[in-house]
Amino acid sequence: MPIFRVTVKQSKLSNGVRIERGMSVDVVTNSMSNPLTTNGGQAVADAFMRIYGIDMKRLGALSAVYLDVVRVG
């Protein structure tokens, strides 16, 4: 199963929620495709909620504008 590292590349503050550049999570998927575009980015949103307690959907930051995705394994 591939592992993707998703890193915040641009800080954002919205709806009382803030992300900072450099925050990152690892996402394990069954698919070889980008987890940000698969299933509406749900795996990425779940990882940020689990690690940081941040709702990325509420923040509106589930896009390539704010997140960089790299396959690490």
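Contact here means heavy atoms within 4.5 Å. Keep that in mind.

This is a predicted model, so local features need pLDDT of at least 70 and side-chain atom pairs count only at pLDDT 80 or more, while totals for chains, interfaces and linings use all residues. Residues are numbered from 1 along each chain as its sequence is written, and side-chain values use heavy atoms, with hydrogens and water left out.

Now the contacts. Take those in the protein chain between residues at least 6 apart in sequence: 58% of them join residues at least 24 apart.

Next, the layout. The protein chain has 2 helices and 5 strands. These are DSSP runs: H or I of at least four residues for helices, E of at least two for strands, numbered from the N terminus. The order from the N terminus is β-β-β-β-α-α-β. The radius of gyration, taken over C-alpha atoms, is 11 Å, close to the 11 Å of the globule rule (2.2 Å times the number of residues to the power 0.38) for 73 residues, so the chain is as compact as a globular protein of that length.

How much of the chain is buried? Of the 73 residues, 33% are. Buried means under 20% relative accessible area, with a 1.4 Å probe and protein chains only.

Let's zoom in on Thr-29. Where does Thr-29 lie? In the loop between strand S4 (24–28) and helix H1 (42–52). Thr-29 counts as buried because its relative accessibility is 12%. Leaving out residues up to four places away in sequence, Thr-29 touches Met-1, Pro-2, Phe-4 and Pro-35. A polar atom of the Thr-29 side chain also lies 2.8 Å from the backbone oxygen of Ser-31.

Conventions. Buried means under 20% relative accessible area, exposed over 50%, partly exposed in between (1.4 Å probe, protein chains only). A polar contact is a pair of N or O atoms within 3.5 Å; within protein, one must be able to donate a hydrogen and the other to accept it, and residues adjacent in sequence count only if both atoms are side-chain atoms.
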